[in-house]
Amino acid sequence: MTDPRKKYQEYLWAPFTQMGDLDEEVEPLVIVSGEGSRVTNSEGKEFIDAHGALWLNSVGFGRQEMVDAVSQQMEQLSYFPSFAGMANDVVLDLAERLVRTADQENMSRAFFSSGGSEAVETALKMARQYWRLSGTDRKYKVISRRGAYHGVTMGALSATGMAMNRRLFEPLVPGFRHIEPPNCYRCPYELTHPECQLTCARELERTIQFEGPDTVAAFIGEPAMGAGGVIIPPDGYWQEIERICRKYEVLLISDEVITGFGRTGEMFGCRHWGVKPDIMVFAKGLSSGYLPLGATLATEELFEVCLGKWGEGREFRHGTTYSGHPSACATALVNLKIIEEEDLVQRSKENGAYLLERLQELKSMPLVRNINGLGLLVRMELAQEDDTPLPAEDMTGLNVVRRAMRRGVIVRALGDVISVSPPLVITRDEIDTVVDVLAEEIEGIS
Ligand SMILES: Cc1ncc(COP(=O)(O)O)c(C=O)c1O
């Protein structure tokens, strides 16, 4: 490839990137190939991708089964829509597979899109249509959490609770409200669990009461928050959220874009707490990123209200051209087969426990404070010894990540939280390398 840096700087408009910050010292990381948990850049240097690209690679790079499935599918049928009484055979197979996989959650219908933001939009529109057709016209508000990430399209962004993402695009969609997240390390109420009695969950009840239960359509949350700093809620949090949703007839939407399909050591994040959502949202690990794909699953009750009985002429006037793209669906079918056959959910649980245990060894280091995780969704927060945050302008997290990258380990900085979320197939040796490099680089800047 001729001078990728020049192409990067002259032609690309990269998402979520302060492109002007890439100076002489910081090269764009241009990856050209991948195998297992490792990727190689344009200069032939190998890295352990300990962030699963963007929290999405479950089965690892370079899986020949995926390649074969896509090429076979493209030869057989490049595309056919699912609109207006049509379908392709692969979307039907995947819908069945997903509904069966989410059997415990009582999911009964699958609607497809091209990624997480679209899948969240779909969920929000399902919720609004459900209440409209239930004869409850006023139930349109959606409650989510500060710090949550639900995507970038206007509805998903309205549910997102990150001020920086929202500011330049306001006004956003009316009817969205935000409550505090279940962040026990930096409790927004400055309380301690369990004495807090889950104030953050009970805030949902207070907010619903304040808004008026007859106006609230849905609550949306990630079982464990990802981009907002990998926040694992305390036990009891989700049960309380579910209880409140049921009490006030508020639909519960589980945004499983990161937590779906084994990332947290359970098939779905909500399963850790036995929660049964009304709608589940998937993307990322659904296809391990081999092709873009999102899915929104709903209960039969929701589907029946939205569409009515056959012959009543009701429809969900929503859908994008690539809903149910056969090649994308083919990657998901193979991806789910690999997850099952190689027992990757269990591996995520075991390797996640090992990664946590190894990271705990770093706890004696001056900057290392909070370490937490669920399966292979793991965080390590850097802070001062008394837990006060490090000065933002020092960009300590980012410095650690950049130093680790020079040593061949890719992790991600969310402020001063180091997020580690490798492919579920990562080996113990690779985990050891990741932890050793992180330890040395944190030592290096302390
Ligand atoms: C929990 C969650 N929801 C939704 C999204 C949006 O997905 P996408 O980037 O595919 O639109 C993301 C992306 O990171 C996410 O983490």
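Of the 14 residues around the ligand, which come nearest? They are Gly-115, Gly-116, Ser-117, Gly-151 and Val-257, where "near" asks that the C-beta atom, placed from the backbone, lies within 6 Å of the molecule. Before going on, bear in mind that this is a predicted model, in which local features need pLDDT of at least 70, side-chain atom pairs count only at pLDDT 80 or more, and totals for chains, interfaces and linings use all residues. Residues are numbered from 1 along each chain as its sequence is written.

Helix H5 (residues 116-133) gives the most to the shell around the ligand, namely three residues. Helices (H or I, at least four residues) and strands (E, at least two) are DSSP runs, numbered from the N terminus. By class, the shell splits into six nonpolar, six polar and two charged residues. Here Ala, Val, Leu, Ile, Met, Phe, Trp, Tyr, Cys and Pro count as nonpolar, Asp, Glu, Lys and Arg as charged, and the others, Gly among them, as polar.

Now zoom out to the whole chain. The domain assignment gives domain 1 (4-59 + 343-445) and domain 2 (67-341), with bounds that come from an automatic or database assignment. Their C-alpha centres lie 26 Å apart. Where they touch, domain 1 puts in 26 residues and domain 2 puts in 24; contact means C-beta atoms, placed from the backbone, within 7 Å. On the domain 1 side, helix H2 (52-55), helix H12 (344-360), strand E11 (368-374), strand E12 (377-382) and strand E15 (417-420) each supply at least two residues. H12 has the largest share of that side, with five residues. That side of domain 1 counts 13 nonpolar, ten polar and three charged residues.

Next, a helix pair. Helix H4 (residues 89-101) packs against helix H11 (residues 326-341) at an angle of about 40 degrees, and their axes are 9 Å apart. Axes are lines fitted to C-alpha atoms over the stretch in contact, with angles running from 0 to 180 degrees between N-to-C directions. Among the residues that meet are Val-90, Leu-94 and Arg-97 in H4 and Cys-329, Leu-333 and Leu-336 in H11. Their contact has nine nonpolar, one polar and two charged residues.

Four strands form an open, mixed sheet in the order E1-E2-E3-E13, where pairing takes at least two DSSP bridges between two strands. Strand E1 (31-35) and strand E13 (409-410) are the edges, each pairing on one side only. Strand E3 (residues 46-49) runs parallel to E13, joined by two bridges, and Ile-48 has Val-409 in E13 as its bridge partner.

Conventions: Contact = placed C-beta atoms within 7 Å.
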